Every structure is written in C-alpha cells, then in structure tokens.
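These are my notebook entries on a single protein chain.

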Amino acid sequence: MHSLLVTGGAGFIGSNFIRYMLAAHPDLLIVNYDKLTYAGNLENLSGLENHPSYRFIRGDICDHETVARAMEEHSVDIIINFAAESHVDRSILGPAVFIETNVTGTTALLDAARKYGVVRFVQISTDEVYGSLGEEGTFSETTPLHPNSPYAASKTSADLFVLAYQHTFGVPAVITRCSNNYGPYQFPEKLIPLMIVNALNDRPLPVYGDGGNVRDWIYVEDHCRAIDVVLHHGVAGEVYNIGGGNEWNNIDIVKLILRELGKPESLITFVKDRPGHDRRYAMDSRKITRELDWKPAKTFEGGLRETVRWYLDHAEWWKRILSGAYEEYYRTMYVERERSFR
Ligand code: NAD
Ligand code: TDX
C-alpha cells in the first residue's frame with residue numbers, strides 16, 4: 001500500500017484531489033499536510049475526517065522536522081506538492097512569503113524525498129512559468145521559461161529545483177504545469193469565484209484593464225485526473241502540460257456568470273489593471289494526451305454552470321470566508337482600484 005503525502009491538501013485543488021483519489025484509489029493512504037494559511041480550509045474536506053484512508057497533519061512545508069515526522073509516522077513513499085502561495089495579486093503586494101513557501105518549501109520537500117527515498121515526487125506547477133503569449137501560439141513543454149509575476153517567478157524557481165534534484169540526486173520527480181482551474185471550493189480571490197460571490201452580493205464586479213486578457217480554463221476534476229495519470233505513468237524528469245483547450249476573455253466569462261445568475265451587466269466595473277498583467281495563456285497538452293492518454297472531459301459551459309450552482313448551494317461556505325480576514329484583503333486590493341475606473 002502506497003502512502004501519499006499531499007501537501008496543500010486543504011486548498012482548492014488539493015482538496016478536490018484528495019476527494020478524487022480516495023474515491024478512485026481506496027488502496028492508497030492519503031496524508032494531507034497543510035499549514036492552514038488563509039487559503040487552507042478543513043471545511044473543504046468535511047465528511048472525510050474519519051475516512052480510514054485519510055489523515056491530516058497541520059504543518060509547514062518549510063519545517064524540515066515536522067515534514068520528517070510526517071514521513072516517518074506514515075511511512076510516506078510518494079509526495080505530491082500542491083502547497084503554495086497561489087495568488088498573483090498577493091504576490092505583487094508581498095513577494096517574500098512566495099519565495100519562502102514556493103521555493104524554500106519545495107526544496108525542503110525535495111530534501112525529504114531524498115532522505116526517505118520516495119518512489120515518486122509530483123510537483124504541481126503552472127502555465128505561468130512560460131510568461132505571456134501574443135494573439136497566436138501556445139505553450140509547449142519546451143517553451144522557454146519567462147515568468148513575469150513574483151508568483152510565477154517563485155513557481156519557476158521551484159520547478160528548476162525539482163529538475164535539479166532529479167538530475168543530480170535521482171529524485172524520481174515529475175512536474176505538471178496546468179492552466180487556470182475552476183470548480184468547487186475555490187477561494188473567492190480568484191476570478192470566477194470572486195465574480196460569482198460579488199454578483200450574489202450585488203457588489204461591483206471588478207474587471208482588470210480592458211477585460212481582454214485570455215486564460216485557458218480547465219475544470220478542477222479534469223486536472224486531478226491528469227495528476228493521477230502522471231503520478232502512475234509519468235516518466236521521471238519529464239514535464240507535462242495540462243490545459244483545457246478552452247480560451248476565454250475575462251469579460252466574456254464575467255458576462256456568462258451574470259447570465260447564469262440572472263444578474264445585470266451593470267454590475268461590471270472596469271478597474272485599474274494588474275501591474276505586469278500577462279495578456280494571454282494557452283496550453284499545448286498534446287504530450288500528455290499522446291503519451292499518457294489523458295484529455296479534458298468537461299465542457300466549459302457545463303462546468304461553469306455546475307460551479308455557479310455549487311456556490312449557490314454552499315453559501316454558508318463562502319459566507320464564513322467573507323466574514324473573516326477576507327474583507328480587509330478586499331479593501332486593500334480593490335478600493336483603490338475601483339477609484340480609478342476606466
Ligand atoms: P490554494 O491557495 O487554494 O491552496 C494552497 C494550499 O497550500 C492551502 O491549503 C494552504 O494552507 C497551503 N499552504 C500554503 N503555504 C503552505 C506551507 N508553507 N506549508 C504547508 N501548506 C501550505 O491553491 P490552489 O489554487 O489549490 O493551487 C494548488 C497548487 O496548484 C499550487 O501549487 C498552485 O501554484 C498550482 N496551480 C494552481 C492553479 C489554479 O488555477 N488555481 C493552476 C495551476 C497550478
Ligand atoms: O478581480 C479580478 N479581476 C480580474 O479581471 C481578478 C481576481 C482577476 N481578474 C483577471 C486577472 C486574470 O487575467 O482574471 C484573470 C484570472 O485571474 P486569477 O483568477 O487571479 O488567475 P491568474 O492570475 O490567471 O492565475 C491563476 O492561474 C494560474 C491562478 O491563480 C494561479 O495559481 C495559477 O498558477
């Protein structure tokens with residue numbers, strides 16, 4: 001029986017991944033290792049507390065001793081690293097914690113992987129390491145790395161350490177680089193949940209710049225399935241792009257959300273742009289399709305409708321988030337921006 005250390009398992013993608021894996025692979029032990037930062041929320045895993053194949057440990061990935069204890073206590077032989085500071089706007093406000101968690105934390109996990117001789121290390125990375133595209137083209141695994149935000153720079157550094165540890169020490173590591181995820185349990189600082197929650201509260205919907213920035217959206221469960229495939233069949237030292245093949249302008253998504261909710265477009269407010277805002281991301285995922293037989297299954301319209309429904313049905317989940325430190329974050333991030341309406 002393999003024992004997986006899933007770091008950042010109380011966050012958006014990590015919690016979806018744990019639910020997915022417990023259902024798909026009842027023979028695995030899943031150890032969720034999470035610091036529970038503002039983004040970590042054990043409510044994302046409610047109902048699993050007493051699951052026989054699930055354990056939770058509160059800990060920081062930068063803390064070698066606590067990581068070591070988790071590895072030993074549960075005989076961990078696989079590490080999947082989701083833990084990260086994940087929001088670009090926060091990395092612009094304060095990059096330091098991004099370096100600490102995303103770079104130092106990843107190397108601490110790589111040291112543990114070496115020490116305990118894991119059979120697999122999966123680093124969950126992002127399309128943002130490639131930078132920004134013009135009107136044409138896509139990112140492939142051989143596209144030169146060109147991170148633009150502090151967040152992207154920290155994820156790129158982590159990727160380079162993963163590849164260096166694989167090359168130098170033989171850590172059996174693989175990297176997945178995914179495009180923008182959406183779905184249940186996403187913290188309402190990211191575009192889609194923020195717009196849903198604001199619309200439900202009849203609050204302005206703050207669209208950065210001209211709203212013409214493009215992202216390639218993937219339903220979180222499709223991402224989880226891709227990670228499962230890479231975990232089981234990926235080749236050490238390889239990078240796998242994961243994309244939805246689904247490009248949308250921000251403004252069109254915001255309008256679609258308003259339509260789903262039956263709310264007026266007059267809620268849309270164009271605000272000051274994100275500094276250094278990447279214009280367009282688009283993924284070439286042909287490698288994982290060709291070599292590992294994965295492709296996304298969910299249509300965007302279907303996935304978005306289900307996601308909107310989920311936020312409608314789980315108002316108590318996001319209202320609890322909004323009643324905490326979120327309000328202060330929102331003021332810091334948006335009040336000044338909204339003063340400079342375009
Ligand atoms: P999230 O912010 O929702 O969750 C991050 C989790 O990591 C939280 O539970 C948090 O408590 C935990 N964490 C943060 N610092 C930690 C530390 N020092 N030690 C232990 N735990 C810590 O993030 P997400 O959107 O679920 O993203 C998960 C991973 O996927 C990240 O590595 C991110 O870079 C990557 N990714 C995200 C997307 C996306 O669209 N959300 C796309 C591609 C890749
Ligand atoms: O209020 C907003 N208004 C707005 O116009 C927010 C929060 C975002 N945006 C725009 C900025 C982007 O063009 O929407 C787009 C998506 O923004 P985010 O949800 O913040 O995602 P992005 O910056 O694209 O980064 C995401 O995808 C890659 C994740 O947050 C990263 O963790 C992942 O690595």
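I began with the cut-off: a residue is called buried when its relative accessible area is under 20%. The model is a predicted one.

**Entry: Asp89**

I looked up Asp89 and found it in helix H3, residues 88–93. Asp89 counts as buried because its relative accessibility is 3%, and the cut-off is under 20%. I then listed what Asp89 touches, leaving out residues up to four places away in sequence: Tyr208, Arg274, Tyr329, Met333 and Arg337.

**Entry: the sheet**

In what order do the seven strands of the open sheet run? I read the order as E3-E2-E1-E4-E5-E6-E10, with parallel pairing. Strand E3 (54–58) and strand E10 (239–242) are the edge strands, each pairing on one side only. From one strand to the next, the twist averages 20 degrees.

I noted that, in general, the strands of a sheet pair through backbone hydrogen bonds, in either a parallel or an antiparallel manner.

I examined strand E1, residues 3–7, and found it mostly covered, with five of its five residues buried. Ser3, Leu5 and Thr7 point one way from E1, whereas Leu4 and Val6 point the other way.

On one pairing, E1 runs parallel to strand E2 (residues 29–34) and is joined to it by five bridges; Val6 stands opposite Asn32 there. On another, four bridges join E1 to strand E4 (residues 78–81), also parallel, and Leu5 has Ile79 as its bridge partner. I followed E2 onward to E3, with which it pairs in the parallel sense over five bridges. Asn32 stands opposite Phe56 in E3.

Why is E5 described as largely enclosed by the rest of the structure? I found that seven of its seven residues are buried, so the strand is largely enclosed. Arg120, Val122, Ile124 and Thr126 lie on one side of E5 and Phe121, Gln123 and Ser125 on the other, and all are buried.

E4 and E5 pair in the parallel sense over four bridges, with Ile78 opposite Arg120. E5 and E6 pair in the parallel sense over six bridges, and the bridge partner of Ser125 in E6 is Arg177.

**Entry: helices against the sheet**

I traced two right-handed β-α-β units. One is made by E1, helix H1 (residues 12–24) and E2; another is made by E5, helix H5 (residues 150–169) and E6. Helix H7 (residues 220–233) lies across E1, E4, strand E5 (120–126), strand E6 (173–178) and E10, and runs at about 145 degrees to E5.

**Entry: nonpolar cores**

I recalled that nonpolar side chains tend to be buried together in soluble globular proteins.

Which members of the largest nonpolar core touch the most other members? Of its 40 residues, I noted Ile192, Ile257, Phe300 and Tyr326. Several elements each supply at least two residues of this core, including helix H6 (191–200), helix H10 (300–313) and helix H12 (326–339). Helix H8 gives the largest share, seven residues. Apart from this core lies another, of 36 residues, among them Leu4, Ile80, Cys178 and Val220.

Lastly, I checked Tyr326: leaving aside neighbours within four places in sequence, Tyr326 is in contact with Phe187, Pro188, Glu189, Leu194 and Ile321.

Terms used
Residues numbered from 1 in each chain as written. Chains lettered and ligands numbered in written order. Predicted model: local features only at pLDDT ≥ 70, side-chain atom pairs only at ≥ 80, totals over all residues. Heavy atoms only, no water. Buried < 20%, exposed > 50% of the residue type's maximum accessible area, 1.4 Å probe, protein only. Pairing = 2+ DSSP bridges. Right-handed = clockwise from strand over helix to strand, strands pointing away. Core = buried A, V, L, I, M, F, W, Y, C linked by side-chain atoms within 4.5 Å. Contact = heavy atoms within 4.5 Å. Axes fitted to C-alpha atoms, helices over the stretch in contact; angles between N-to-C directions.
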